[in-house]
Amino acid sequence: MNEKCNCDVIRDLLPGYIDNILSDTGSKLVKNHLGECEECHKIYTEMEEGIEKDDLSVYDTIAVDALKKIRKRTNRLKITIGILVGILFMFLLSAALKIYVIGTALGSGYMSILDTAYDEETGQLTVNGKINLSSFHVSKVVWEEDENDPNVVNVIVYYAETIPFAKDKTDFSVVIPNVKGKKVYLACPEYDRMEIYDWRTYHYEELENLKNEIYSKISELNEKTDALNCMQGITTVDGIEGISFNVDFIDGEGASYWWFNGMLTTDGELAPADFEIWISLEKPHKILIYDYQTGEYMDDFSIIVNRRLTAEKIYF
Ligand SMILES: [Zn+2]
């Protein structure tokens with residue numbers, strides 16, 4: 001065995017020597033060689049130190065792992081707190097928005113209408129009003145068609161708390177298109193509403209003229225015993241705007257009828273006809289009968305006599 005080969009063998013045995021697992025003979029061999037060979041001794045010293053370093057690094061790893069875990073937990077806690085703070089912030093923000101910006105629908109009792117202006121040309125209604133609450137302001141005004149009645153428009157005013165020192169905006173103005181034939185209410189959808197405009201009231205004369213027109217054109221109708229009642233708003237037939245009148249037959253000797261609070265009242269007997277009379281708003285007036293039995297409009301007025309006879313049989 002030459003010197004070089006001997007060194008190689010010794011270096012192969014070094015790990016076992018350091019771990020103290022070599023036989024006594026092997027151990028002695030390595031020990032003797034290390035006493036003689038400076039190079040192998042140097043390697044031995046480095047290996048031993050290296051193992052010590054490795055051992056230390058195990059502890060380091062444990063410590064680093066623990067630190068990492070703590071950091072992870074801290075991060076998780078930070079994220080959780082962040083989310084909670086975020087939720088709280090959003091909640092406060094939405095609450096503040098609701099209180100100061102968006103507002104709540106206001107009951108009609110807390111508002112006054114200053115004026116309403118109807119434009120005959122466009123059919124638009126402009127409503128000006130104000131809220132009677134201090135330290136609150138108008139945040140929004142909307143109008144919407146009533147869910148149950150297409151001839152009713154509801155105006156809803158939202159009020160919000162005024163931020164200290166900010167200027168109060170207590171008045172409101174809203175333009176509602178196409179109010180022709182309709183009623184407009186100042187409404188808080190939850191509980192109350194107040195009528196602010198009724199197209200029929202302001203066009204009473206026009207409606208009376210239309211009624212007279214119907215009586216004069218339809219000889220089958222009798223002004224004294226056949227009452228015309230405008231219940232709906234505008235009805236469009238073949239693209240033409242018109243008004244529909246319900247018909248009630250009155251019976252009884254010398255019986256008459258009148259209107260009380262918009263209700264048809266009579267000292268005789270009253271029977272509803274099962275048809276309506278429609279008249280166009282534009283001149284020359286077009287008059288049609290809307291038959292409830294067929295669901296159709298027609299310009300033949302001869303059914304009126306028969307329908308009156310039927311009603312008399314049933315009601316009188
Ligand atoms: Zn050696």
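Student: Nice. How many residues are in the hairpin between E13 and E14?
Tutor: The hairpin that links E13 to E14 has six residues. Across the pair, Ile279 sits opposite Ile287 in E14.

Student: Zooming out, what is the strand order of the sheet they belong to?
Tutor: It is an open sheet of five strands, ordered E9-E10-E13-E14-E15, and the pairing is antiparallel. Strand E9 (226-237) and strand E15 (296-298) are the edges, each pairing on one side only. On average, neighbouring strands here are turned by 30 degrees against each other, direction ignored.

Student: OK, how many bridges join E9 to E10?
Tutor: Nine bridges join E9 to strand E10 (residues 240-251), and the two run antiparallel. One example is Leu228, whose bridge partner in E10 is Val247. E10 is also joined to E13 by nine bridges, again antiparallel; there, Phe249 has Ala271 in E13 as its bridge partner.

Student: Which helix packs on that sheet?
Tutor: Helix H6 (residues 303-315) does, touching E10, strand E13 (269-280) and strand E14 (287-291). The direction of H6 makes about 155 degrees with that of E13.

Student: Switching topic: which residues touch the most other members in the largest nonpolar core?
Tutor: That core has 21 residues, and Val155, Val157, Val179 and Val184 touch the most other members. Strands E3 (125-131), E5 (152-161), E6 (171-176) and E7 (183-187) each supply at least two of its residues. E5 gives the most, with five residues.

Student: What is Val179 in contact with, leaving aside its neighbours within four places in sequence?
Tutor: Val179 contacts Tyr118, Gly123, Gln124, Leu125, Val153, Val184, Tyr197 and Trp199. Apart from this core lies another one of 18 residues, among them Leu210, Phe245, Val247 and Trp278.

Student: Last one: how is the chain divided into domains?
Tutor: Into three stretches: domain 1 (3-75), domain 2 (105-198) and domain 3 (203-315).

Student: And what distance separates the centres of domain 1 and domain 3?
Tutor: Taken over C-alpha atoms, those centres are 114 Å apart in the predicted model.

Conventions: Residues are numbered from 1 along each chain as its sequence is written. This is a predicted model: local features need pLDDT of at least 70, side-chain atom pairs count only at pLDDT 80 or more; totals for chains, interfaces and linings use all residues. Two strands pair if DSSP finds at least two bridges between them. Helices (H or I, at least four residues) and strands (E, at least two) are DSSP runs, numbered from the N terminus. Axes are lines fitted to C-alpha atoms, for helices over the stretch in contact, and angles run from 0 to 180 degrees between N-to-C directions. Two residues are in contact if their C-beta atoms, placed from the backbone, lie within 7 Å. A nonpolar core is a set of buried Ala, Val, Leu, Ile, Met, Phe, Trp, Tyr and Cys residues joined through C-beta atoms within 7 Å. A residue is buried if 20 or more other C-beta atoms lie within 10 Å of its own, exposed if 12 or fewer, and partly exposed in between; C-beta atoms are placed from the backbone. Domain bounds come from an automatic or database domain assignment.
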